[in-house]
Amino acid sequence: MDPEAIISIRDLTKRYGQKTAVDRLSLDIRRGEVFGLLGPNGAGKTTTTLMLTGLTEPSGGSARIDGLDCIRDSIRVRRIVGYLPDNVGFYNDLTGRENLRFTAALNGMPEKQVEEEIDRLLLRTGLSGAGDQRVGTYSRGMRQRLGVADVLLKDPKVIIMDEPTLGIDPEGMRQLLSLIRELAKTDGRTILLSSHQLYQVQQVCDRVGMFVEGRLLACGTIGELAKELAADSSVLLEIEVDPSEGDLRSVLREMPEIQSVGREEDRYVISAGRDIGNELLSAAIASGCRIQSMRHLNNDLEEIYRRYFEKAEQEHDKHQNNKRFISRNFERKAAGAEKK
Amino acid sequence: MKEKLPELKKSNRREEIRERNTGLAALYRKEMRDHIRSSRFLLILVLIVITSFASLYGALSNLSSAGSSSEFLFLSLFTTSGSAIPSFVSFIALLGPFVGLVLGFDAINSERSSGTLNRLLSQPIYRDSVINGKFLAGAVLIFIMVYAMGALFGAVGLLIIGIPPSAEEVGRIIVFLFLTAVYICFWLGLSILFSVLCRHAATSALAVIACWLLFTVFISLLAGIIAALIYPTDGGFAGLFNMADNYTLNLYLNRISPYYLYGEAVTTIMNPGVRSVGLVMASQLEGAVAGYLPFSQSLLLIWPQFTGLCAMTLLTFTISYLKFMRQEVRSNG
């Protein structure tokens, strides 16, 4: 176990009837870190966040936050953990300030300091003008920011955000992300956020975990994940050509390093045993192709994401009758990623 | 170290109680404020005030035309119906359920659908504080409302007839109001139960209204039909033998309904002349001296009805409590 870890999850499992939503998840998150839990819808991200806040009881395993057991000590855990659910809701007929006041009362905060604190938080989240409006009149971005203020009210050590960037416009997103960054770097809070929006996660997270069908496939910084993929597989190139001139396909057929080619209209995705970008370019130009763009896909989070999931699916199909093997394989991979 | 341990435990315990109460108190205050501010509640309150004054008017016109022969004139203000207007008691029996409905039908499911339940439960409060706070706030409001209504009604009645009530009458009215409050709390419990079970507020409101219809109208019809099926009273001589059984079964089936229980209890407590609930044989009445039942005996007579009402209220609340504690909090499925 990592001594610096503030959140440590061991073999956390949750089953809903036959379906396993979270399957033996083990994860350590360090103090002051922004950790992104990445995965498609239904991967078990929300279930994990609910178990961490003690809102749902796990079927097995344990989770600790700052040394407190998330299930048995859930009240004390909730005192140091701020949870921002996806689609956060407020009482529409109360004003933003009244909603915050209610949260403060639930936390048993003394009334005198609450008002100052609320003013400060409304200012920080850019809502000081709207604090006395009814929440029913708020836009989605404002609600989300009120949610952040609501979470910060109890001065949490750990903040868990479930899909915080969902449905917010780009400007609102930028503000939110810089706020998240600031919360971690300036205030020293630990932030766990779950999302399927890769680009935002890439911007703000120190480390990410790939989460599919309840299992953590990989975990590490984005660079580490890319390197790990590169080590056990090929280089991916995407090349786009003008179809009216030249014949790229014959060029591709002649290059022995190419392992496979995928085609999407004029875009070819090529995987090769080594980086053949330059050779490919000169060969293509020599045969008269007009190249519109070419790029490496390996360091792009989206590509990493795609390939992890692809691999997971392949292995799932291949070893459908041998589940034990798959899960062992994944555990090894997850452990390997953590070691790095 | 050893001596300090019990003390430590004690202070831990005290802190735990304080923790438990912080959430409950905050929720209670919020619910209370919401109810009092809500236009729904005001609407039903206005409705009840209007109907009760209509019934007072009816009772007064009837009492003055009949001449004041009754010994318990003040009580008959509550129980006498006018020519076209039902009495205060029957109005409350009919409309009371709606107060419970209005206070409770969207207690849990509106929090769930607006996404506030998740946020609420992620605060450092015990989960049951939510449902306890809601029930407690509703129940306290019901008690305040019922006693305020009773006092208002009595005061206006007193001003008009000018005959002060005796201590016994006051006692009977207090018990009547208590019964009424418990009866309405049953409907509150039922509404909260449906608000836990149903996902949409409209569904739970309809479900409560369906129960209200069943308990006030249909159960007496059903009871009659079932009793007639099992103990047919037509068919000559055999039918005569079945009459007592038929009546008893009919009564027992009716008593499933809190409306009927409440009606029986209120009739007994508000009319000292009522000496028995249920079937009385002519042989049992032989040698009985006609007279009024003392307060304590009336109370004794309605004790089963009273405990029945309390038990039903507790039962609905307990089921909703258990259901709520076991429900998953996931907002979307």
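Guide: Two residues are in contact if their C-beta atoms, placed from the backbone, lie within 7 Å. The model discussed here is predicted.

Visitor: Which strands of chain A does helix α10 lie across, and at what angle does α10 run to β14(A)?

Guide: Helix α10 of chain A spans residues 277-286. This helix lies across β11 and β14 of chain A. Its direction relative to β14(A) is given by an angle of about 175 degrees.

Visitor: In what order do the strands of the open sheet in chain A stand?

Guide: The open sheet has 4 strands, with antiparallel pairing. Its edge strands, each pairing on one side only, are β12 (258-264) and β14 (290-296) of chain A. From one strand to the next, the twist averages 20 degrees. The order in chain A is β12-β13-β11-β14.

Visitor: Which residue is the bridge partner of Leu237(A) in β13(A)?

Guide: Strand β11 of chain A covers residues 235-242, and strand β13 of chain A covers residues 267-272. These two strands pair in the antiparallel sense over 6 bridges. In β13(A), Leu237(A) has as its bridge partner Ile270(A).

Visitor: How far apart do the C-alpha centres of domain 1 and domain 2 of chain A lie?

Guide: The domain assignment of chain A places domain 1 at 5-220 and domain 2 at 229-296. The separation of their C-alpha centres is 43 Å.

Visitor: What percentage of the residues in chain A are buried?

Guide: Chain A contains 12 helices and 14 strands. A residue counts as buried if 20 or more other C-beta atoms lie within 10 Å of its own. Of the 340 residues in chain A, the buried ones make up 38%.

Technical notes:
Residues numbered from 1 in each chain as written. Chains lettered and ligands numbered in written order. Predicted model: local features only at pLDDT ≥ 70, side-chain atom pairs only at ≥ 80, totals over all residues. Pairing = 2+ DSSP bridges. Axes fitted to C-alpha atoms, helices over the stretch in contact; angles between N-to-C directions. Buried ≥ 20, exposed ≤ 12 C-beta atoms within 10 Å, placed from the backbone. Domains from an automatic or database assignment.
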